[in-house]
Amino acid sequence: MRSPRSLLVKYTPTFSSLVPTTALLAAALVSCNSDPPVVEPGPVAKTKPKVPPIPDVPPDPYARPPGGQEAKAVVAMNKDPRRAPPNTARPGSGEPIDAPFATTTSNGFEIRFATGSPVPTPTIHDGRLIVSGGFNSREIFAYSATTGSGQWGRTLSDDGPSNAVCEGQTCVFNSESCTTFAVNEKTGKVLWSWWLGDPQTSAPTLANGRVFASYPAYGGAMPAITDDLADAPKPPLPTGAMPTGATHVIGAFDLKTGKPLWRKWLDADVMSAPVAVGDFLYLTTFAGTVMKIDQATGDIRYAVAMRATSAPVIVRDAKGNEQLHITRRVEERPDETKEAIIRADVGATRLTYRAHAKLAPYLDGKVQRNAAMTKQAQVDDSENGFSSVPSAANAGVAAQTVGLANVSTLQRFQGSRVLVAGGMVYSTMGDEVIAIDSESGEVKWRYALAGNTATEGGHLGTAPLVAGNDIVVATLSGNVVRLDAKTGKLNATYKTGAPLRSQPAVMGGWIYLGSEDGRLIAIDTHDKSLTGWPTWGGDNGRTAVRL
């Protein structure tokens, strides 16, 4: 009988015999305490087995973005159709008024409005400049966009006109004191208007022949139960009842007639403005909730509690998949308030990235309470009849999310709202403009802004916009800066001598600005490549996307 050693010496394995032996040894190493596996001889398959095709499953229409929990209270308050928000709308009005004269400046023109109060982002449409007379005014005006010559003015039934959006011959805007107006862009004639609720702290949005606007809810009498629900086995609703947690309403109206189309409850007012993309409406509330709503029906596709601090930006790829870009509060320690940029792909299980988490005193209510902006806001509010912030504003919730609690500061709040353009995501986060890679979240460049967010309050620069190859930002220190979109290099600076907090509009080489001290400032850069941003958010849908 041969010894084991002699067997090893006389047996020289070939390559083909080594393969199963090696596999056997590997299996033994995986489970060294079990019997060696038995390798059954058999023919080697010449082709791979066929794999059945994966069926093309459509995406879940109610899929949510990661990064937050379902806002169950918001979903619950909209479940019972018998508890739909009541129709409290009643007509507003407007009368003709002369537009103040413009004065020529070294690089354009300027208009000073009588109240000297904050002027929101102007809108350029059909060669006209549509601009509010300021937070403490009841006026809306139209001027030639290139000469500053006055074309019409209207004094309104309510004060504090917002930024406008225009389509065809119709321009729509809200007023702080309660009313959504639609006016003829050539004459200023009021086409329709609805007093909705006091105060309105956001601007409207246009899409697909509809106007979308938010407003405070009131506990008035519930509407009559419709016939199809008359026999439903549910207890009657008490008069004046509102769903738990409901404070505001988002509504849709027909653009041509103003006819109300649908209404849904919200847990706070909308930040800045709703955002319309495709067939859907997206919004962030001052409670930090992000929502997606069907524009035609009002059907809520998702409501997610995300601690969001800006209006959403939605990007869709070639297959229709949605990317949600937003900023949010990050509270890693009880004594610190931070903010970060996030990308959350709808239907994914985790965030794509959380980028550039930084200290954010501009979101800290304790810090902002003593800032100069808050003190001035108290004066602006009082001139509009608010001895204190009305409970209908739900300002306490806003203070916990974005650190602000005055009607005037909430109406013109822009936050760190991002811009998605050319493979990058841009944001003005308090005291700096930052650019990150839209896929990885890697920081590409940063540009510091002058000032102190704790003492002066709020952001030191406006939400960024893209025009030509530049990122344009207006600053609280009174400058408008043009930054190279790829590198952040400063390409040009325009000095205005006015504090600026509202995003500019840029068209045909002109930059249009509303100032905090009641001015409309128009700057002719003589660079026609600077164009394509006619209103807040860049278009009627407020999308802030340029791919």
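A salt bridge here is a side-chain nitrogen of Lys or Arg within 4 Å of a carboxyl oxygen of Asp or Glu. This is a predicted model, in which local features need pLDDT of at least 70 and side-chain atom pairs count only at pLDDT 80 or more, while totals for chains, interfaces and linings use all residues. Residues are numbered from 1 along each chain as its sequence is written, and side-chain values use heavy atoms, with hydrogens and water left out.

**View 1. Glu110, Arg112, Asp517 and Arg519 join in a salt-bridge network.** Start with these four residues, which salt bridges link into a network. By the rule above, the model has a count of 24 salt bridges.

**View 2. Arg333 and Glu336 form a salt bridge.** Their closest N and O atoms are 3.5 Å apart. Burial is judged by relative accessible area: buried means under 20%, exposed over 50%, and partly exposed in between, with a 1.4 Å probe and protein chains only. Arg333 counts as partly exposed because its relative accessibility is 45%. Glu336, at 19%, is buried.

**View 3. Lys358 and Asp431 meet in a salt bridge.** Here the N to O distance is 2.7 Å. Lys358 lies in strand β24 (residues 353–359) and Asp431 in the loop between β26 (424–428) and β27 (432–437), so this pair ties together parts 73 residues apart in sequence. Helices and strands are DSSP runs, numbered from the N terminus: helices are H or I with at least four residues, and strands are E with at least two. Lys358 is buried at 11% relative accessibility, whereas Asp431 is partly exposed at 33%.

**View 4. Arg482 pairs with Asp527.** The closest N and O atoms of this salt bridge are 2.9 Å apart. Arg482 sits in strand β31 (residues 479–484) and Asp527 in the loop between β35 (519–524) and β36 (545–546), so the bridge ties together parts 45 residues apart in sequence. With a relative accessible area of 11%, Arg482 is buried; Asp527 is partly exposed, with 23%.

**View 5. Phe286 belongs to the largest nonpolar core.** A nonpolar core is a set of buried Ala, Val, Leu, Ile, Met, Phe, Trp, Tyr and Cys residues joined through side-chain atoms within 4.5 Å. The largest one has 58 residues, of which Phe286, Tyr426, Trp445, Ile471, Val480 and Leu513 touch the most other members. A second, separate core of 32 residues includes Val165, Leu266, Leu283 and Ile293. Contact means heavy atoms within 4.5 Å. Leaving aside residues up to four places away in sequence, Phe286 touches several residues, among them Thr201, Met271, Val397, Leu410 and Phe413.

**View 6. Five strands form an open antiparallel sheet.** Two strands pair if DSSP finds at least two bridges between them. The order in this sheet is β1-β20-β19-β18-β17. Strands β1 (69–70) and β17 (275–277) stand at the edges with a single partner each, so one side of each has no neighbour in the sheet. Two bridges join β1 to β20 (residues 300–305), and these strands run antiparallel. Look for Glu70, which stands opposite Val304 in β20.

**View 7. Another open sheet of five strands has mixed pairing.** Its order is β28-β27-β26-β25-β36. The edges are β28 (443–448) and β36, each with a single partner strand, so one side of each is left without a neighbour in the sheet. Strand β25 (residues 419–421) pairs with β26 in the antiparallel sense over three bridges. Ala421 has Met424 in β26 as its bridge partner.

**View 8. The largest pocket holds about 370 Å³ of space.** On a 1 Å grid over the protein atoms alone, a pocket is an open set of points where a 1.4 Å probe fits, with protein on both sides within 12 Å along at least five of seven lines; lining residues have an atom within 4 Å of a point. Grid points are joined across faces, edges and corners, and the volume is the space filled by probe spheres set on the points. Of the 22 lining residues, Asp364, Gly365, Lys366, Arg369 and Ala399 lie nearest the centre. The elements giving two or more residues to this lining are α4 (365–368), α5 (372–383) and α6 (395–402). The largest share, three residues, comes from α4.

**View 9. Trp194 lies in strand β12 (residues 190–195).** At 21% relative accessibility, Trp194 is partly exposed. Trp194 and Gly92 are 102 residues apart in sequence and 5.6 Å apart in space, C-alpha to C-alpha. Not counting residues up to four places away in sequence, the contacts of Trp194 include Arg90, Pro91, Gly92, Cys178 and Phe253.
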